[in-house]
Amino acid sequence: MEAHRRTIFSNMGKKRQSRNVVLPTPGELRLLQVLWRIREGTIENIVDASDENPSPNYKTVQTWLRIMEAKGQVEHRQQGRAFVFKPLISRGEVHKLSIRHLLAKYFTGSRTEMLMELLRDERISREELRQLEGLVRNRRKELS
């Protein structure tokens, strides 16, 4: 799977590090979704904010967050005795990585092939088609 190169900047705007961002696993994505919703939190905050039933195990979340930090998906700061985690990868970046992965894996990199398959789907509504037509029109204007 292709990694996405990203440069991180500190609060002062200084370059801190450069790293590859990889597509999160399903478990990592669930934790990122919680962090995107609560913005930042301790492991306990993340477990409590999870929509899963039963809630994820504290130690499992702790392990995943360590792995995610090594992958550059989250970072932490210490607040008292607790670590407060926040996401480093945005929802939009995950969407882009997911689309690139989907294109490469299932559509040989062809956006046209993927879009044609979406348009052939009988579940697409007239409203969705209208929205897509508008997006295509707007994109054409941007590229002109």
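## Salt bridges, a hairpin and a nonpolar patch

D51 is exposed, with a relative accessible area of 68%. Here, exposed stands for over 50% relative accessible area, buried for under 20% and partly exposed for values in between, with a 1.4 Å probe and protein chains only. The areas come from the Shrake-Rupley method, and for residues only the protein chains shown count as cover.

The model is predicted: local features need pLDDT of at least 70, side-chain atom pairs count only at pLDDT 80 or more, and totals for chains, interfaces and linings use all residues. Residues are numbered from 1 along each chain as its sequence is written, and side-chain values use heavy atoms, leaving out hydrogens and water.

**Salt bridges**

A salt bridge is a side-chain nitrogen of Lys or Arg within 4 Å of a carboxyl oxygen of Asp or Glu. Side chains of opposite charge can pair when their charged atoms come close. The structure holds nine salt bridges. One of them joins E52 to R30, with 3.0 Å between the closest N and O atoms. E52 lies in the loop between α2 (43-49) and α3 (58-70), whereas R30 is in helix α1 (residues 26-38), so this pair ties together parts 22 residues apart in sequence. Helices and strands are DSSP runs numbered from the N terminus (H or I, at least four residues, for helices; E, at least two, for strands).

D51 forms a salt bridge with R37, at 3.6 Å from N to O. D51 also lies in the loop between α2 and α3, and R37 in helix α1, so the pair ties together parts that are 14 residues apart in sequence. A further salt bridge links D121 and R123, whose closest N and O atoms are 3.1 Å apart.

The table gives the exposure of residues from these pairs.

| Residue | Relative accessible area | Class |
|---|---|---|
| E52 | 32% | partly exposed |
| R30 | 35% | partly exposed |
| R37 | 43% | partly exposed |
| D121 | 24% | partly exposed |
| R123 | 67% | exposed |

**The hairpin of β3 and β4**

Strands β3 (residues 74-79) and β4 (residues 82-87) run antiparallel and are joined by six bridges. Two strands pair if DSSP finds at least two bridges between them. The hairpin has two residues between its strands, and G80 takes a positive phi near 65°. H76 stands opposite F85 in β4.

The structure holds one aromatic pair. F83 and F85 form this pair in an edge-to-face arrangement, 6.5 Å centre to centre and with 70° between the planes. Rings of Phe, Tyr and Trp (its six-membered ring) pair if their centres lie within 6.5 Å; planes under 30 degrees apart are stacked, over 60 edge-to-face, and the rest tilted. F83 is partly exposed at 36% relative accessible area, while F85 is buried at 5%.

**Helix α4**

Helix α4 (residues 91-106) has 16 residues, which at 1.5 Å a residue should span 22 Å; its end C-alpha atoms are 22 Å apart, in agreement. The expected span is 1.5 Å times one less than the number of residues. Buried residues in α4 are E93, V94, L97 and L103. Just after α4, T108 has a positive phi of about 45°.

**The nonpolar patch**

M116, L119, L129, L132 and L135 make a nonpolar surface patch of about 400 Å². Patch residues have over 30% relative accessible area and no salt bridge; nonpolar side chains (Val, Leu, Ile, Met, Phe, Trp, Tyr) are joined within 5 Å, and like charges within 9 Å. Helices α5 (111-120) and α6 (126-143) each supply at least two residues, and α6 gives the most, with three. L132 lies in α6 and is partly exposed at 33% relative accessibility.

Notes:
Areas by Shrake-Rupley, 256 points an atom, 1.4 Å probe, with all protein chains shown as cover.
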